[in-house]
There are 2 protein chains.
Amino acid sequence: MSIIGETCYHRAMASKTRLPGRDALRDSVLGGDLVFLLARANALTLAAANAALAEHGLKARSYSVLALAADGARPTQRELAEFLRLDPSQVVALVDGLEQRQLVERRTDPADRRANVLVATDAGRDLFARAQQAARAVERGLLAPVTPEEHERLAGLLRLLAFPD
Amino acid sequence: MSIIGETCYHRAMASKTRLPGRDALRDSVLGGDLVFLLARANALTLAAANAALAEHGLKARSYSVLALAADGARPTQRELAEFLRLDPSQVVALVDGLEQRQLVERRTDPADRRANVLVATDAGRDLFARAQQAARAVERGLLAPVTPEEHERLAGLLRLLAFPD
DNA sequence: ATGGACCATTGAAAATGTCAATCATTGGTG
DNA sequence: CACCAATGATTGACATTTTCAATGGTCCAT
């Protein structure tokens, strides 16, 4: 859930809607509201990412889980939940989906037999590699109007917000 | 909907969880993924904003609608939907809620009698003023580790992502 | 005047988010 | 060692959000 949805409403609205209204809103109080800008930027980028990942049968979420499994961090589901800020029960469902497609495996953590550690299968790493291409292409597209230095700065600032310690 | 939820899982997790795992994840592929960082930053800031707005009986969404009504932009519901990226039917519910609390009024747009224009009541402007205080305090808190110039840069970059033209 | 597009609204179905309860396991303490 | 409170995963129930198609009123270009 976000302020803001990925909502389409792309249906009828593509046309020559009265633009002045939109621009007026853009200059309103919310235009300087960080929470709002973050929410809207998130909604748009997420929608773009999901669209690109769809052809690989993934969404941003499953892609994230697969990514973490694929680079050998061997996260437990508990760690995934915290990192992705999902309820553990949502992680169960997500992992179920990936496991059924044989992209990841649950291995019980030898250090703590309550926990499952996630590892990607060969097929999983494969799919991830391809999906990552798509994801990167999207990111490049989104960041087209931004110089590489600005890109790095943006990432750094977002990290501060995303991981306040 | 976001990659990432506002999810709590604050229940048991406050304690001395094995931190190494989390840090490993942070340095994984996703750590450089803009879409992910945006989603996580959004989840956290949104949760903080919602918590702060709760005492005024608002959430980030209703606050946003109230904000736009309150500063006299006279948006139609259609414009709200596009700006907030919500389905028009969600805007209906949102406005219903605010109107029942007498914070906003629907006025049929004299220029187009199909459309409703939203205006805040005195009570609505009042509540907004107070809620805005809370919202700004949250934002200050979130941006504590960031200099004012960086703050501006961040807002500028986010605007590029939030309003690609 | 007519027809096609558009706004707001409704209602239903799918997807998500939230939460409490359960089982197996852990780790610390008496 | 035996116990017990705390933790990881899982399930199922329930609430909220999202998505979408259908409808009635209005606009506008022909």
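**Reading a helix and its neighbours**

Modeller: Helix H6 of chain B, residues 122-142, has 21 residues and reaches 30 Å from its first C-alpha to its last, close to the 30 Å expected at 1.5 Å a residue. The expected span is 1.5 Å times one less than the number of residues. Helices (H or I, at least four residues) and strands (E, at least two) are DSSP runs, numbered from the N terminus. This is a predicted model: local features need pLDDT of at least 70, and side-chain atom pairs count only at pLDDT 80 or more, while totals for chains, interfaces and linings use all residues. Residues are numbered from 1 along each chain, chains are lettered from A, and side-chain values use heavy atoms, without hydrogens and water.

Biologist: Which residues of H6(B) are buried?

Modeller: An α-helix has 3.6 residues a turn, so residues three or four places apart point the same way. Buried means under 20% relative accessible area with a 1.4 Å probe, protein chains only. In H6(B) the buried residues include Leu127(B), Ala131(B), Ala134(B) and Val138(B). Among the elements they pack against are H2 and H7 of chain A, and H3 of chain B.

Biologist: At what angle do H3(B) and H6(B) pack?

Modeller: Two packed helices are described by the angle between their axes and the distance between the axes. Here the angle is about 125°, and the axes of H3(B) and H6(B) are 10 Å apart. The contact (heavy atoms within 4.5 Å) includes Tyr63(B) and Leu66(B) of H3(B), and Phe128(B) and Gln132(B) of H6(B).

Terms used
Buried < 20%, exposed > 50% of the residue type's maximum accessible area, 1.4 Å probe, protein only. Axes fitted to C-alpha atoms, helices over the stretch in contact; angles between N-to-C directions.
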